[in-house]
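Have the structure open as you read.

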Amino acid sequence: MQNQQLIPKLGFGTYGRNGKDGIGAILCALETGYRHLDTAQTYDTEFETGEALRRSGIARREVFMTTKISTDHFGEGKLIPSLEKSLEAMRIDQVDLTLIHWPAPNGAIPLEVYLSQIVEAQERGLTRLIGVSNFTIALLQQAEAIGGKGRIVNNQFELNPLIQNKKLAEYCQRNDILVTCYLPIARGTLSGDPVLGSIADNHAATVEQVIIAFELAKGYCAIPTSSRAERIRSNFAAGELQLKQEEITLIETLDRNQRTIDPDWGPDWD
């Protein structure tokens, strides 16, 4: 639980924030007040993330930085060199949190092969904390058996009102694994939902703000993204929105198990 407290619960996702415009969006996020930046090797935004941090003038120690290891780098001896390249791209000495982005497609590489490498990366000081993404309960249990209890501090997976992943989220919370929601606002597809719209009206807020506030109220971390400065600022303001318990309960009824990211080589979801 102590390690979880190191992770700011409202972060800025960098998927799609490429090139000059991407740097501008990430810089806007930092200027707005975000202090958690989420990137990944497969996003090709590690350079932009580091560049925005440098341009911001904010001290490195004040910004929590997360990256994720691509499945291409799971083979024996590949993970640590790939993480070193990520650090070079961001021009930092240590990342705050490194995640296994997906379990190996179709289980082609044993979990122990790549998990043992990310544990070694932590022990070498390349990353402060380690975690996983898109891991099921069974995979989390295997990871704990390999890495030891308390080693995995975070599991990032798709979570928003349409897919609340309650079984997995509750397991993570019972075991002191912070849940990070990706696609936290369902790519803006819920803007017309009457339940969320009514709650938003009650708070003079946007639907997206209500969704983020819901996820924060549940104790999760949310990492929305946008290329638009006004939306970046609006999403950040959701951190100040306090929902009533009955509103949280009402949003929980919207769960449809409506998954957006579901590759055919992915895990057997809970």
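## Helices α1 and α2

Start with the crossing of α1 and α2, which is right-handed. This is a predicted model. On the α1 side, the contact uses G19, I23, I26, L27 and L30. Over on α2, the partners are F47, E48, T49, E51, A52, L53, R55 and S56. Sorted by class, that makes seven nonpolar, three polar and three charged residues.

As for the geometry, α1 covers residues 19-32 and α2 covers residues 46-56, and their axes come within 8 Å and cross at roughly 50°. The two helices are therefore oblique to each other.

## Helices α8 and α10

Which residues of α8 and α10 meet here? From α8 it's V210, F214 and A217, and from α10 it's I248, I251 and E252. By class, you get five nonpolar residues, no polar ones and one charged.

## Two arginines with positive phi

Now for the loops. R91 has a phi near 55°, a positive value in a residue other than glycine. You'll find R91 in the loop between α3 (79-90) and β4 (95-100). Is R91 buried or exposed? It's exposed, with a relative accessible area of 58%.

R187 also has a positive phi, near 55°, and it isn't a glycine either. R187 sits in the loop between β7 (178-182) and α7 (194-202). With 57% relative accessibility, R187 counts as exposed.

Technical notes:
Residues are numbered from 1 along each chain as its sequence is written. This is a predicted model: local features need pLDDT of at least 70, side-chain atom pairs count only at pLDDT 80 or more; totals for chains, interfaces and linings use all residues. Side-chain values use heavy atoms; hydrogens and water are left out. Axes are lines fitted to C-alpha atoms, for helices over the stretch in contact, and angles run from 0 to 180 degrees between N-to-C directions. Helices (H or I, at least four residues) and strands (E, at least two) are DSSP runs, numbered from the N terminus. Angles under 35 degrees count as roughly parallel, over 145 as roughly antiparallel, 65 to 115 as roughly perpendicular and the rest as oblique. A crossing is left-handed if the near helix is turned anticlockwise from the far one by less than a right angle, and right-handed if clockwise. Contact means heavy atoms within 4.5 Å. Ala, Val, Leu, Ile, Met, Phe, Trp, Tyr, Cys and Pro count as nonpolar, Asp, Glu, Lys and Arg as charged, and the others, Gly among them, as polar. Buried means under 20% relative accessible area, exposed over 50%, partly exposed in between (1.4 Å probe, protein chains only).
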